[in-house]
Amino acid sequence: RKIGVFGMGYVGIPAALLFADAPGIEHVYGFQRDSPTSGYKIARLNQGESPLKGEEPGLEDLLQKVVSSGNFSCTPDFSKVAECDAVTLAIQTPFKDPKDLLPDFTPLIEGIRNVGRHLTPGTLVVLESTITPGTTAGMAREILEAESGLVAGEDFALAHAPERVMVGRLLRNIREHDRCVGGIDEVSTRRAVELYSRVLTTGQVIPMTATAAEVTKTAENTFRDLQIAAINQLALYCEAMGINVYDVRDGVASLKGEGITRAVLWPGAGVGGHCLTKDTYHLERGVQQLGPNALDFPDGRESLYTLARGINDFMPAHMLHLTTSALAQTGKTLKGSKIALLGWAFINDSDDARNTPSEPFYEMAIAAGAEVRVHDPWVDPATAPDVPAGLSKDLEAVIRGADAVVVFAGHREYRGLVAERVEGLCGCKWPVIVDGRNVVDPDAWIRAGFAYRGIGRGGK
Ligand code: SAJ
């Protein structure tokens, strides 16, 4: 049996490697376009080198294993789809303009077309990308049928099996998380369940319909966004009231029993990534497509989910407000101040910078006349999109001479920062520290001579 995986990114690569290592699988093709920006992945993967730069336990070892055993290869030759018994697609589905609920399905459509062009009877096609509910049984089916001349449900099987991975633990997540798997009909569901059962270890397959799987995926990220918005809102209240949101958080989470589960997440400098920033819009678009008024409240109010998005989107602006207020305490303004922005990746100890909350902060600070230098130990300026000029991996050089150090990511390297050392590097009379991820001990930094601000740290 042969499997094809479209999209050699954070989701496609680990999935392809696990399929390649699974019993009964003869070969896995990783399909990757040979473009100027992503074509480099083909050669790297075929040499057994992972193009993903953050820490991914076990990933490169597994890659080397399946490359040398001949079970995996990466190719731009999509005609090999014809050899495959199953093809999965893990291609990004970003939003051009979230407010208008307009997703950019161009890359996904291109991928589906390429599958359709070479599709042979009996193949199972699975979408792993997060998509607007209704897409599998609607758009995907239409494109595949039009390109192949085959009929879904009769000549080929079609399903949705949304990925549930988190950067930094890709392999583990695929093996251990339960997997919702939904076909457009019973045979498609059964075949997709059989495929994913091969790579799950402790995870269970949960069969459902394609549309239910689409709603499940977008809802779980919407709920996570909502929970983060709840604690971010509380962080703003705690700052106003002069109390510490982390104490409140522990207190709220301490009530156990009586069937109460308090899933309290962490406040912070913002919510980034490819998923939480847009999946709410996929969910709401899915409802909107049912009819012109399907989504609206009768009195025109916004949905809870849209409000939550707005709170999380506001956090970088709040970081700027904290920076301005701390600088004012030291007699400075944003205009003319030097800011060391620590962390460009959206998630800790990763090189993934998609929709990073650092970016709006960076742009607002520059527009206000500050000079901003950016550090990130992981992000590679050569391959990450929209990286600010001069992004550096040299932490001391970025901090040297700064009026304000602003922490946006909770990278391990920042948790080890020593206040006295940073104070010496800043070199000014009264430097500022703004902590967006609660990585420093406020008392120690105030003692070392800093003006301190932190998300949710009212008083300090
Ligand atoms: N964040 C907070 N506070 C928290 C947790 C996260 O501010 O308590 C911020 C992070 O700093 C980051 C953003 O939210 O900027 C997203 O972080 P994340 O931990 O949710 O990471 P993602 O987006 O890579 O992963 C999510 C996960 N979804 C759920 O847990 C419901 C993951 O399981 C999904 O597979 C992934 O989206 C996806 O691909 O959809």
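The buried residues of helix H3 (residues 59-68) pack against helix H1 (12-21), helix H2 (40-46), strand E3 (72-75) and helix H6 (170-176). Contact here requires C-beta atoms, placed from the backbone, within 7 Å. Helices (H or I, at least four residues) and strands (E, at least two) are DSSP runs, numbered from the N terminus. The model is predicted; local features need pLDDT of at least 70, side-chain atom pairs count only at pLDDT 80 or more, and totals for chains, interfaces and linings use all residues. Residues are numbered from 1 along each chain as its sequence is written.

Leu62, Leu63 and Val66 are the buried residues of H3. They line one face of the helix, because they fall within an arc of 105° seen down its axis. The arc is that of the directions from the helix axis to the C-beta atoms. A residue is buried if 20 or more other C-beta atoms lie within 10 Å of its own, exposed if 12 or fewer, and partly exposed in between. Gly70 follows H3 and has a positive phi, near 80°.

Helix H15 (residues 419-426) was examined in the same manner. Ala419, Val422 and Cys426 are buried in H15. They cover an arc of only 65° around the axis, so they sit on the same side of H15. Glu420 and Arg421 are exposed on the other side. The cover over the buried residues of H15 includes helix H13 (395-399), strand E13 (404-407) and helix H16 (442-447). Just after H15, Gly427 takes a positive phi of about 75°.

The largest nonpolar core has 126 residues. Such a core is a set of buried Ala, Val, Leu, Ile, Met, Phe, Trp, Tyr and Cys residues joined through C-beta atoms within 7 Å. Phe19, Ala159, Leu341, Val405 and Val406 touch the most other members. Helix H11 (residues 304-329) gives the most to this core, with nine residues. Domain 1 (2-210) and domain 2 (305-454) both give residues to the core, so it lies between them. Leaving aside neighbours within four places in sequence, Phe19 is in contact with Ile3, Val5, Ile25, Val28 and Val199.

The domain bounds come from an automatic or database domain assignment. The C-alpha centres of domain 1 and domain 2 lie 37 Å apart. Six residues from domain 1 and seven residues from domain 2 make the contact. On the side of domain 1 that touches domain 2 there are two nonpolar, two polar and two charged residues. Ala, Val, Leu, Ile, Met, Phe, Trp, Tyr, Cys and Pro count as nonpolar, Asp, Glu, Lys and Arg as charged, and the others, Gly among them, as polar.

There are 20 residues around the ligand. Each has its C-beta atom, placed from the backbone, within 6 Å of the molecule. Leu265, Trp266, Gly268, Gly273 and Cys275 come nearest. The shell divides into eleven nonpolar, five polar and four charged residues.

Several loop residues were also examined. Asn355 lies between strand E11 (338-342) and helix H12 (358-367). Its phi is positive, near 50°. Asn355 is partly exposed, with 19 other C-beta atoms within 10 Å. Asn438 is found in the loop between strand E14 (432-435) and H16. Its phi is also positive, at about 55°. Asn438 counts as buried, with 21 C-beta neighbours inside 10 Å. Pro292 is placed in the loop between helix H10 (279-288) and H11. Pro292 is exposed, with 8 other C-beta atoms within 10 Å.

Note on methods: Two residues are in contact if their C-beta atoms, placed from the backbone, lie within 7 Å.
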